[in-house]
Amino acid sequence: MIASSMKPCSVIGISGGEPFIRDDLPEIVCILNRSAAPLTFDIPTNGFFTDKIVHAVQKMVSLNPNVTFDIKRSLDGPPEIHNRIRSLKDGYSRMHETYLQLCDLRKSYGNLKIKICTVYSALNQDYMEGLFERINTDFANIDRFVFSVAHGTVDDKSCEEFSWQRYFHYCDHLGEYTDQGNKKDFHSLFTIALRTAKNDYLKKLVKKGCFYKECRAGKSTIVIGETGKVYPCEPLWHPVAELRQNGYSLTKALSSKEMEAFQRMIVNKQCNCHWNIPIITNILRKPLTYPKIVTEIGKLFLKNKRE
């Protein structure tokens with residue numbers, strides 16, 4: 001019922017917790033694909049349950065050949081740092097084994113893309129060089145590397161006490177520290193270039209504190225919780241509707257009075273988060289950013305030709 005009320009969208013993210021714990025994940029994906037026809041499914045994983053993950057991914061990519069699957073493994077640092085942050089004794093080695101098996105699977109399915117995502121925070125900002133070295137050696141065949149920052153969803157707020165200056169330094173020189181991924185297919189080329197444009201945009205937001213003027217939380221991005229609550233954004237986790245109380249209609253939920261009140265609150269309180277998803281959505285809505293994206297695609301293409 002929820003899927004049938006969804007309008008076509010570009011990306012659907014299924015997160016958690018660990019999404020692959022659900023045995024019915026492939027069935028959920030098929031239903032969403034038929035209803036919303038996304039270009040991409042973005043699914044994160046800690047990579048711990050190798051057999052379960054690989055089996056589910058194979059089922060999803062084979063049953064939905066018309067859509068790209070970005071399977072995103074979370075990497076928080078070199079092995080000892082990753083395991084400490086994740087509180088998983090063998091977290092790094094299990095995640096690496098999952099990566100290797102997904103690489104084998106990708107040879108048979110062109111719609112499977114493999115990403116590494118690192119969330120920069122106070123917990124790992126001192127270990128970035130070691131992390132980049134590990135990506136170059138242990139994860140050399142990824143399609144893309146995503147480098148983001150901790151935002152309002154973290155329980156330990158001290159995680160957000162990181163150095164923006166160091167983060168932007170790593171962003172500006174990311175290509176020197178590590179190969180950012182596969183630069184041979186357009187999906188990867190475009191998304192790598194988009195991330196570069198995002199970092200430039202993020203610098204301006206952090207400096208000026210003006211994102212509330214153009215935030216489209218609840219308009220271009222929404223979050224549906226596991227109990228059916230609808231949230232415009234992750235950093236605030238402010239519910240605006242219950243799907244059960246709206247006949248499981250997402251359209252009704254998004255047109256609620258609570259949603260209107262939320263939009264006013266964003267402006268009145270001058271909310272200025274740095275959540276990646278609405279920032280990237282805003283960039284795609286700004287034609288002035290297109291030359292930057294095209295330029296970065298050209299740079300990546302030429303670099304690939306030289307290599």
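**Ground rules**

I number residues from 1 along each chain as its sequence is written, and because the model is predicted, local features need pLDDT of at least 70, side-chain atom pairs count only at pLDDT 80 or more, and totals for chains, interfaces and linings use all residues. Side-chain values use heavy atoms, with hydrogens and water left out. My helices (H or I, at least four residues) and strands (E, at least two) are DSSP runs, numbered from the N terminus.

**Entry: parallel strands**

I began with strand β1 (residues 11-13), which pairs with β2 in the parallel sense over three bridges; two strands pair if DSSP finds at least two bridges between them. Opposite isoleucine 12 I found phenylalanine 41 of β2.

Then I asked how many residues of β2 are buried. Six of the six residues in β2 (residues 40-45) are, where buried means under 20% relative accessible area, exposed over 50%, and partly exposed in between (1.4 Å probe, protein chains only). Thr40, Asp42 and Pro44 point one way from the strand, while Phe41, Ile43 and Thr45 point the other way.

Next came β4 (residues 112-120), where eight of nine residues are buried. Strand β3 (residues 68-74) pairs with β4 in the parallel sense over six bridges, and aspartate 70 has lysine 113 of β4 as its bridge partner. β4 also pairs with β5 in the parallel sense over six bridges; there, tyrosine 120 stands opposite valine 149.

I looked up an open sheet of three strands, with the order β6-β7-β8 and antiparallel pairing. β6 (223-224) and β8 (241-242) stand at the edges with a single partner strand each, so one side of each has no neighbour in the sheet. Strand β7 (residues 229-231) meets β8 over two bridges, and valine 230 stands opposite alanine 241.

**Entry: two helices**

At what angle do α3 and α4 pack? Helix α3 (residues 79-86) and helix α4 (residues 91-106) pack at about 105 degrees, with their axes 8 Å apart. The axes are lines fitted to C-alpha atoms over the stretch in contact, and angles run from 0 to 180 degrees between N-to-C directions. That makes the two helices roughly perpendicular (65 to 115 degrees; under 35 is roughly parallel, over 145 roughly antiparallel, the rest oblique).

Pro79, His82 and Asn83 of α3 make the contact with Gly91, Tyr92 and Met95 of α4, contact meaning heavy atoms within 4.5 Å. I sorted these residues into three nonpolar, three polar and no charged. Here Ala, Val, Leu, Ile, Met, Phe, Trp, Tyr, Cys and Pro count as nonpolar, Asp, Glu, Lys and Arg as charged, and the others, Gly among them, as polar.

**Entry: aromatic rings**

My search of the whole structure found 20 aromatic pairs. Rings of Phe, Tyr and Trp (its six-membered ring) pair if their centres lie within 6.5 Å; planes under 30 degrees apart are stacked, over 60 edge-to-face, the rest tilted.

Tyrosine 92 and phenylalanine 139 form an edge-to-face pair, 5.9 Å centre to centre with 75 degrees between the planes. Tyrosine 92 lies in helix α4 and phenylalanine 139 in the loop between α5 (128-138) and β5 (144-149), so the pair ties together parts 47 residues apart in sequence. Both are buried.

Phenylalanine 147 and tyrosine 170 are also edge-to-face, at 6.5 Å and 80 degrees. This pair links strand β5 to helix α6 (residues 164-172), 23 residues apart. Phenylalanine 147 is buried at 4% relative accessibility, and tyrosine 170 is buried at 4% too.
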